[in-house]
Amino acid sequence: MKRINNSVIALSLFVGIANANAQEKRTLTLDEAVQLGIQNSKNLKIDAAKIEEATADLLEAKNRQLPELKVSGSYMYLPIKPNVDIKLSGLAGGAGGPEIHQVVYGSANLSVPIYSGGRIKYGIQSAKYLVEASKLSTENDKIAIAYNVAQAYNNLFKANQSIKVFEENLAASQKRDETFLKMENNGLIARNDRLKANLQTSNIELQLLEAKNNYNIANINMDLLLGLPETTELAVDENYIEEGTDVKPVDYYVNEARENRKDLQALAQQRKAAELGSKAAKAENLPSIAFTGGYVAADIPKFLTVYNAINVGIGVSYNLSNLWKENSSLRQSQAREKQLAATDELLNDNIKLDVNREYQNTDYSKKRIAVFEKSAEQANENYRITKNKYDNGLATMTELLDADAAQIAANVGVINAKADAALAYRKLLQTTGTLTIK
């Protein structure tokens with residue numbers, strides 16, 4: 001009895017280890033998948049670094065309005081006695097001068113900008129706009145990632161549903177093969193008819209293998225996209241295919257895009273920054289004025305000591321070469337403004353095209369559902385009638401198998417059409433910049 005108990009314990013441990021090493025199964029809603037995709041996106045990590053870079057540029061621009069305080073000092077040793085010739089009357093000079101072998105010198109200089117032609121102010125404002133543009137670009141990328149995740153989720157759903165349909169039909173086909181084998185043995189059908197049925201079963205098996213292969217690829221793609229272990233087996237929530245039942249007129253979506261597209265808003269911030277860049281370039285031709293202050297101390301042993309040499313004043317700086325040099329920075333900035341203006345016009349045209357195209361695709365996808373549902377009803381009814389005819393000797397085996405194949409294709413088509421319609425609606429929302437990220 002003790003040996004049996006030990007065997008049971010060992011078997012239990014083995015099963016537990018095997019289950020631990022098996023694939024982890026996880027059910028995800030589409031919104032949960034989108035969240036994971038955003039959290040683990042490599043592109044968003046790059047965007048975060050770009051925001052940090054733009055924020056650092058803003059900090060640099062703000063630093064230019066702060067006082068500049070520089071301190072310097074030096075010590076010099078003179079190994080050879082210098083020749084000091086003092087011209088002031090009453091002081092000894094020449095060879096009879098003091099022995100000088102070292103010099104100590106220190107100074108502190110303070111500069112507080114008062115006026116720079118607006119370069120500092122424009123630089124700060126421009127940097128702020130560029131930080132905002134970087135953040136908006138990140139939001140736009142999040143929406144694109146949300147759609148990419150939805151697309152991968154849709155592929156996984158379609159592959160999984162296809163497997164279910166093919167498994168059901170394979171079971172029915174295998175059962176039919178068993179019946180036909182008995183009928184052949186009893187001389188009720190020809191061997192050729194039974195082989196045709198077997199061939200149909202083999203075709204369904206191949207379709208099932210292809211569907212499982214597609215599912216495995218889609219599952220790995222989702223795992224990588226969401227940052228999950230590649231061994232994670234995902235199960236999808238089928239309710240998402242009911243999205244997009246209420247579609248508004250196309251003008252509504254065009255207006256939504258104009259108000260919500262993050263790439264359009266980011267471009268607007270870039271244009272503002274470019275305008276300020278032109279103003280800052282013009283300010284290069286203006287003088288700079290700053291409050292200045294300083295302190296100097298020096299010690300030359302046995303010769304000179306200076307301390308508390310404090311100075312204050314106003315400093316003016318102007319580059320006279322601006323009088324004959326053309327302002328290339330201004331021309332570059334103005335060219336940048338023209339590029340962004342043209343880009344804005346092009347982006348607006350593309351948005352109109354994108355929204356109208358995806359609106360038409362959404363409408364087309366919704367209509368496809370009705371057609372496939374009608375086709376499935378017809379295919380199912382056709383198979384029922386053909387089966388009755390075959391059972392009564394009024395239809396051939398070929399007609400029965402063709403009806404069965406048409407029924408499978410129609411049922412798979414309904415599932416795919418619903419999934420594609422839900423995805424098309426999400427694509428429409430992406431083009432308007434309103435794809436919800438919960």
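Trainee: Leaving aside neighbours within four places in sequence, what is E99 in contact with?
Mentor: E99 is in contact with K81, P301 and K302, where contact means heavy atoms within 4.5 Å. Keep in mind that this is a predicted model, in which local features need pLDDT of at least 70 and side-chain atom pairs count only at pLDDT 80 or more, while totals for chains, interfaces and linings use all residues. Residues are numbered from 1 along each chain as its sequence is written, and side-chain values use heavy atoms, with hydrogens and water left out.

Trainee: Okay, and where is E99 placed?
Mentor: E99 sits in the loop between β2 (68-77) and β3 (102-115), the strands being DSSP runs of E with at least two residues and the helices runs of H or I with at least four, numbered from the N terminus. The C-alpha atoms of E99 and I300 are 10.0 Å apart, although 201 residues separate the two along the chain.

Trainee: Why does E99 count as partly exposed?
Mentor: Because its relative accessibility is 41%, and buried means under 20% relative accessible area, exposed over 50% and partly exposed in between, using a 1.4 Å probe and protein chains only.

Trainee: Switching to T201, is it buried or exposed?
Mentor: T201, which lies in helix α5 (residues 191-226), counts as buried because its relative accessibility is 5%. Apart from its neighbours within four places in sequence, T201 is in contact with L170, S173, Q174 and D177.

Trainee: Which residues are buried in α2?
Mentor: In helix α2 (residues 30-39) they are L30, A33, V34, L36, G37 and I38, and these buried residues pack against β1 (25-28), α3 (42-63), α4 (119-185), α5 and α9 (397-432).

Trainee: And at what angle do α3 and α4 pack?
Mentor: The angle is about 170°, and their axes are 8 Å apart; the axes are lines fitted to C-alpha atoms, for helices over the stretch in contact, and angles run from 0 to 180 degrees between N-to-C directions. That makes α3 roughly antiparallel to α4, since angles over 145 degrees count as roughly antiparallel, under 35 as roughly parallel, 65 to 115 as roughly perpendicular and the rest as oblique.

Trainee: What about α7 and α8, what angle do they pack at?
Mentor: Helix α7 (residues 262-282) and helix α8 (residues 328-391) pack at about 165°, with 9 Å between their axes, and are therefore roughly antiparallel to each other.
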